[in-house]
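Below is a short briefing on one chain, grouped by topic for reading alongside the sequence and the structure.

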Amino acid sequence: MELNIWGMIGLYGGVLGGLLGWWFGRQKARKNRGLDELYYHIWQKARSYSWYVTLGALYVFFTLLSFGIELSTAMVLGILLLTHVASWGIIGIMMTINMFSAAPLQPSRVKVGLFIFITSIIVFTIISILTTNWLFLLFSIPPNLIALFTALIPKRKDAEVTY
């Protein structure tokens, strides 16, 4: 087994970049008095909801295993970690927008966006596993971006024209 130097740089560089971003973000938020009770409530609630998404991902993996599809441990743990952290961030952003926006997000648009997001992740992950070609996961990026924009951007009302 040989050492993949770029993999190690990416693995630990990602951790270092994430920690630095987190630390600088906290410093900026503290300076702007953004670390209040509401902030902690929103992100605790988002973390709680992200565990439900992670549980759904676990059920998808157990279903794939019951169909006889072989999965590597590193791949499963990586996708579970990505699912948990990404859902935590997306849900936290949605809750923050709802809390501070003059026009809160419509639940129907959020549900449609999340449905598209979750469905595309599941479908393209299954296709990637069945074909053993991980490049198929790149095809999930456009529908995921459309889903996020659908869920997070409030529906604009037509501007009234006055003459």
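The chain has 5 helices and 0 strands, counted as DSSP runs numbered from the N terminus (helices H or I, at least four residues; strands E, at least two). From the N terminus on, the order is α-α-α-α-α. The model is predicted: local features need pLDDT of at least 70, side-chain atom pairs count only at pLDDT 80 or more, and totals for chains, interfaces and linings use all residues. Residues are numbered from 1 along each chain as its sequence is written, and side-chain values use heavy atoms, with hydrogens and water left out.

**Overall dimensions**
- The radius of gyration is 19 Å, whereas a compact globule of 163 residues would have one near 15 Å; the radius is taken over C-alpha atoms, and the globule rule is 2.2 Å times the number of residues to the power 0.38.
- Along the principal axes, the C-alpha atoms fill a box of roughly 70 × 35 × 30 Å.

**Burial and cores**
- Buried residues make up 21% of the 163, where buried means under 20% relative accessible area (1.4 Å probe, protein chains only).
- The largest nonpolar core has 10 residues, among them Phe61, Ile69, Leu80 and Ile129; such a core is a set of buried Ala, Val, Leu, Ile, Met, Phe, Trp, Tyr and Cys residues joined through side-chain atoms within 4.5 Å.
- Helix H2 (37-66) and helix H3 (73-100) each supply at least two residues of this core, and H3 gives the largest share, 4 residues.
- A second, separate core of 6 residues includes Ile90, Met94, Val110 and Ala147.

**Contacts**
- Leu80 touches Thr54, Ala57, Leu58 and Phe61, leaving aside residues up to four places away in sequence; contact means heavy atoms within 4.5 Å.

Methods:
Buried < 20%, exposed > 50% of the residue type's maximum accessible area, 1.4 Å probe, protein only.
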